Amino acid sequence: MPLYSRKDMPQVNTQNLSKALDIAKSKVRVTKGMTVAGSLKASQKELIPSKVQGISKKYNKPTDMKPIIISKDNYIIDGHHRWGAAIYKWGEDTKIPTFTLHLNRKDAIELYKVIALSVS
């Protein structure tokens with residue numbers, strides 16, 4: 001599956017994450033969990049190394065991280081840099097907090113784009 005450019009991905013500031021999730025929950029089933037970082041698949045082409053490293057310095061353990069938003073088919077919808085930071089700091093076997101939108105990647109990205117615009 002082709003990867004999206006960062007500019008075409010939904011971007012929700014972590015301060016607005018709970019508001020975005022509340023909107024998502026009103027439209028689709030959303031479940032909270034812990035997911036092995038290495039089992040997640042990127043939807044976005046670009047990761048900015050300096051951003052990944054900066055985020056990795058903020059957290060002492062994976063459970064401190066803001067959750068990654070994923071689709072039911074394990075694609076990252078929002079949080080690529082947090083995901084990259086978790087792998088960079090703790091490796092692919094680490095479990096990280098996630099919220100799953102129970103839609104496939106394409107539909108989850110489209111829904112989250114609309115949500116991102118409404119909370120920004």
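**Ground rules.** I'm working with a predicted model, where local features need pLDDT of at least 70, side-chain atom pairs count only at pLDDT 80 or more, and totals for chains, interfaces and linings use all residues. Residues are numbered from 1 along each chain as its sequence is written, and side-chain values use heavy atoms, with hydrogens and water left out.

Next I looked up which α4 residues are buried (under 20% relative accessible area, with exposed over 50% and partly exposed in between, using a 1.4 Å probe and protein chains only). I found R105, A108, I109, L111, Y112, I115, A116 and V119. Their cover includes α1 (17-25), β2 (68-71), β3 (76-78) and β4 (95-101).

**Entry 1: α1 against α4.** These two pack at an angle of about 130°, with axes 10 Å apart. Axes are lines fitted to C-alpha atoms, for helices over the stretch in contact, and angles run from 0 to 180 degrees between N-to-C directions. α1 and α4 are therefore oblique to each other (under 35 degrees is roughly parallel, over 145 roughly antiparallel, 65 to 115 roughly perpendicular, the rest oblique).

For contacts (heavy atoms within 4.5 Å), I noted L17, K19, A20, I23 and A24 of α1 meeting Y112, I115, S118 and V119 of α4. By class, that is seven nonpolar, one polar and one charged residues. Ala, Val, Leu, Ile, Met, Phe, Trp, Tyr, Cys and Pro count as nonpolar, Asp, Glu, Lys and Arg as charged, and the others, Gly among them, as polar.

**Entry 2: H81.** I found H81 in helix α3, residues 80-90. Is H81 buried or exposed? It counts as buried, at 6% relative accessibility. Leaving out residues up to four places away in sequence, H81 touches R6, Q44, E46, L47, I48, K51, V52 and I55.

**Entry 3: α2 against α3.** Helix α2 (residues 49-58) packs on α3 at about 70°, axes 8 Å apart. That makes α2 roughly perpendicular to α3. K51, V52, Q53, I55, S56 and K57 of α2 meet H81, R82, G84, A85, Y88 and K89 of α3. I sorted this contact into four nonpolar, four polar and four charged residues.

Key: Helix = DSSP H or I, 4+ residues; strand = E, 2+ residues; numbered from the N terminus.
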